[in-house]
Amino acid sequence: MSTILQTIDLRMTYHVGKMDVHALRGLSLEVERGEFLAIMGPSGCGKSTLLHLCGGLLTPTEGKVLVDGEEITASSDARRTDVRRRKIGFVFQKFNLFPTLTAEGNLKLAERIFGKGSGNGERRREVLSLLKLESKMRHKPLELSGGEQQRVAIARALVNEPALILADEPTGNLDSENSEIVLSMLRDLNKKTNQTIVMITHNPEAAQYADRIIHMRDGHVVSEERPVAPPVPEGTELEGVHS
Ligand SMILES: Nc1ncnc2c1ncn2[C@@H]1O[C@H](COP(=O)(O)OP(=O)(O)OP(=O)(O)O)[C@@H](O)[C@H]1O
Ligand SMILES: [Mg+2]
């Protein structure tokens, strides 16, 4: 097993006017390649801050983040952007899709901006089929259900084959039925492609889909657990995946 993501004594202090907000207070974490990790904790404990630091979207006040062995916190902006493009896919609670583009158009745009790919659409069609969206690829976001929009957002995160997927409450805007579909697909993908997933969630049931759950409080990890028997996904078998 190798480590895909490591944080070492990560500290993040935001300055708001004259106030210091200590969002992370020395957080060390290791995530194995192929692991599905869930992060839980009360609102304001620093979960999103941690995820943004891990993805190089923020620079920590102190400490290090290593992605696939490379310290992104010591890199130039250009280098960090390069690591992010090649290795990381983001999924957010608000799907952040471009409203004027179709499902396929949103993926094309991601390929064009972040991609290394050939641009011949092969991978694009593969991920759309993987997430059972073939019949929806010409739909614009407003012509899709919430669950379908989130699946497009996940497809977009996957289209460049990142080793690491960072998801901030991916089911936060979904009802329980769509949450189950999205979570089953994420776990299925994780197991079949060995892509690592770090997922923030407020929902204890969603966290059960992970291999490991860490609990945060006040900018620290306070405990971790392994779900005993993760639920078996039904009817969400995914095919034709390669990592
Ligand atoms: N850009 C910012 N400027 C100032 N303070 C911030 C900023 N972003 C977050 N914070 C503060 O840092 C702390 C951690 O915020 P963070 O968003 O990481 O929490 P969270 O665990 O993701 O919460 P939630 O579950 O509500 O999403 C909070 O006190 C928050 O108010
Ligand atoms: Mg958050």
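Start at Thr-3, whose bridge partner in strand 2 is Glu-32. Strand 1 covers residues 3–16 and strand 2 covers 19–32, and 11 bridges join these two strands, which run antiparallel. Two strands pair if DSSP finds at least two bridges between them. In general, strands of a sheet pair through backbone hydrogen bonds, either parallel or antiparallel.

Before we go on, keep in mind that this is a predicted model, in which local features need pLDDT of at least 70, side-chain atom pairs count only at pLDDT 80 or more, and totals for chains, interfaces and linings use all residues. Residues are numbered from 1 along each chain as its sequence is written, chains are lettered from A and ligands numbered from 1 in the order in which they are written, and side-chain values use heavy atoms, with hydrogens and water left out.

Along with helix 1 (47–54), each of them supplies at least two residues of the shell around the ligand. Helix 1 gives the most, with three residues. There are 14 residues around ligand 1, and Ser-43, Gly-44, Lys-47, Ser-48 and Thr-49 come nearest; a residue is counted as near if one of its heavy atoms lies within 4 Å of the molecule. What kinds of residues make up this shell? Six are nonpolar, six polar and two charged. For that sorting, Ala, Val, Leu, Ile, Met, Phe, Trp, Tyr, Cys and Pro count as nonpolar, Asp, Glu, Lys and Arg as charged, and the others, Gly among them, as polar.

Let's look at some oxygen atoms of the ligand. A polar side-chain atom of Ser-43 lies 2.5 Å from an oxygen atom of ligand 1. For His-202, an N or O atom in the side chain is 3.1 Å from a ligand oxygen, while at Cys-45 a backbone N or O atom lies 3.2 Å from one. Taken alone, ligand 1 exposes 630 Å², and the protein buries 62% of that; the areas come from the Shrake-Rupley method with a 1.4 Å probe.

Thr-49 deserves a stop of its own. You'll find Thr-49 in helix 1. Is Thr-49 buried or exposed? Thr-49 counts as buried because its relative accessibility is 9%; the cut-offs are under 20% for buried, over 50% for exposed and partly exposed in between, with a 1.4 Å probe and protein chains only. The side chain of Thr-49 also makes a polar contact with the side chain of Tyr-14, at 2.9 Å. (A polar contact is a pair of N or O atoms within 3.5 Å; within protein, one must be able to donate a hydrogen and the other to accept it, and residues adjacent in sequence count only if both atoms are side-chain atoms.)

Next, head over to another set of strands. Strand 3 (residues 36–40) and strand 9 (residues 212–217) pair in the parallel sense over four bridges, and the partner of Met-40 in strand 9 is His-215. Strand 9 is also joined to strand 10 (residues 220–225), this time antiparallel, by five bridges. There, Met-216 stands opposite Val-221 of strand 10.

The hairpin of strands 9 and 10 has two residues between the strands, and Asp-218 takes a positive phi near 50 degrees there. Most residues other than glycine have a negative phi. Asp-218 is exposed because its relative accessible area is 53%. Glu-161 also has a positive phi near 50 degrees; Glu-161 sits in the loop between helix 5 (146–158) and strand 7 (164–168), and is partly exposed at 26%.
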